[in-house]
Amino acid sequence: MLLRQFTRAPNNMNLIRRIATNAILKNQTVTTNIDYNQLVLVDVNDKNGYATVTLNRPPVNSFNLELMMALSRALDQVERNNSRGMILTSIIPNIFSTGFDIRELYQADERRLREFWSVLQDCWFKLYGSTYPTAASINGHNPAAGCFFALCCEYRAMVRNSKLGISGARLGISIPLPMIYTMRSVISTRQTELALTTGTLFTSDDALKVGLIDDIATDRSDAFAKCEAFLDRFKDIPPVSRGYTKRSVRQKDMEEIAANRQRDTDEFVRAVLNPEAQSSFAAFLGK
Ligand SMILES: CCCC/C=C/CC(=O)SCCNC(=O)CCNC(=O)[C@H](O)C(C)(C)COP(=O)(O)OP(=O)(O)OC[C@H]1O[C@@H](n2cnc3c(N)ncnc32)[C@H](O)[C@@H]1OP(=O)(O)O
């Protein structure tokens, strides 16, 4: 009960979340027979109160609408459980995520594409705007959307010999605002612009040098242990003031997206349906 009070969001952020959620309640595509609890696993460690959120869509954790919805639900669960912290990771040994499922983007149905983006925005509001401490245990390659979600966290440990970055420019996709704001919250504006306009996939050494990750790990369990050690740093910090400060730092970005949510969706749809991007997707899929 006390914990719930400590982790409650500031009122204005609740308003942002409400505006954001209302926007997607209209026109949702209904997806049936999906076990969302299996696509993203949520496990809470009783000893330290940390929740582990594990992406579980083999072979490569590509984000389709269903995985995105499962992540959104998992983040709700973490919030509801009043977890003391959260570690985002993947079940696949050497892959965190491959990014968006190209089959979701190629010759996409516009209505489903809009819903896909709307759920991604939801995930962003929930993760970037969370009050509890967050860390990403990056156990392998992480191009595009997985990198985006890892950057929403407060700390990243990545196993050596993996690559990370937002590579949309290589596929002819202009990068949407939530990705720009999120990367800019981690590295400088200059480095963000360079990384996103070149679609750079950073090696672990280069990612560390530029500040995209905080530590290089020897393997997945080392990455996970490093994330736990990061969360432990907040053990003696009162969570309510910590949460308010984190939210205040991130608030301007969130207010801007909440106020321009429809335009952000329109931009994404335009970026995905543009012929240049569509021919990259066709080439990837061997069409
Ligand atoms: C933040 C968003 C803003 C920017 C927008 C970006 C749009 C995107 O996210 S597009 C996706 C970008 N991602 C990539 O370009 C990564 C492409 N994949 C890889 O580099 C590799 O697959 C990997 C390094 C992640 C893994 O390599 P590995 O050798 O282990 O496995 P593969 O044999 O390559 O793949 C296994 C299997 O999975 C299929 N696959 C891989 N990625 C995707 C994908 N993004 N969408 C759909 N399917 C994918 C791959 O074709 C293989 O399928 P088959 O077994 O049927 O051949």
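**View 1. In the ligand site, a nitrogen atom of the ligand lies 2.9 Å from a backbone N or O atom of I102.** The model shown is a predicted one, in which local features need pLDDT of at least 70 and side-chain atom pairs count only at pLDDT 80 or more, whereas totals for chains, interfaces and linings use all residues. Residues are numbered from 1 along each chain as its sequence is written, and side-chain values rest on heavy atoms, with hydrogens and water left out. A polar contact here is a pair of N or O atoms within 3.5 Å; within protein, one atom must be able to donate a hydrogen and the other to accept it, and residues adjacent in sequence count only if both atoms are side-chain atoms. T98 also places a backbone N or O atom 2.7 Å from a nitrogen atom of the ligand, while a polar backbone atom of F100 is 2.9 Å from an oxygen atom of the ligand. The ligand taken alone exposes 1,100 Å², of which the protein buries 64%, with accessible areas computed by the Shrake-Rupley method with a 1.4 Å probe and, for residues, with only the protein chains shown counted as cover.

**View 2. The shell around the ligand is made up of 18 residues.** A residue belongs to this shell if one of its heavy atoms lies within 4 Å of the ligand, and the closest members are T98, F100, D101, I102 and A144. By class the shell holds 13 nonpolar, four polar and one charged residues, where Ala, Val, Leu, Ile, Met, Phe, Trp, Tyr, Cys and Pro count as nonpolar, Asp, Glu, Lys and Arg as charged, and the others, Gly among them, as polar.

**View 3. The largest pocket holds about 540 Å³ of space.** Of the 28 residues that line this pocket, T98, G99, F100, I102 and L171 are the closest to its centre. On a 1 Å grid over the protein atoms alone, a pocket is an open set of points with protein on both sides within 12 Å along at least five of seven lines, in contrast to a cavity, where a 1.4 Å probe fits but cannot get out; lining residues have an atom within 4 Å of a point. Grid points are joined across faces, edges and corners, and the volume is the space filled by probe spheres set on the points. The lining divides into 19 nonpolar, five polar and four charged residues. β5 (99–100), α5 (102–105) and α7 (145–152) each supply at least two of the lining residues, and α5 gives the largest share, three residues. Helices (H or I, at least four residues) and strands (E, at least two) are DSSP runs numbered from the N terminus.

**View 4. In the loop between β6 (134–138) and β7 (142–143), N139 has a side chain that reaches the backbone oxygen of P93 at 3.4 Å.** The side chain of N139 also reaches the backbone oxygen of I95, again at 3.4 Å. N139 counts as buried because its relative accessible area is 3%, the class limits being under 20% for buried, over 50% for exposed and in between for partly exposed (1.4 Å probe, protein chains only).

**View 5. The peptide bond from P58 to P59 is cis, with omega near 10°.** P59 is part of the loop between β2 (50–55) and β3 (62–63).

**View 6. L273, in helix α13 (residues 261–273), lies 7.5 Å from A108, C-alpha to C-alpha.** These two residues are 165 residues apart in sequence, and L273 counts as partly exposed because its relative accessibility is 34%.

**View 7. G243, in helix α12 (residues 239–259), has its C-alpha atom 32 Å from that of P93.** G243 and P93 are 150 residues apart along the chain, and G243 is buried, because its relative accessibility is 2%.
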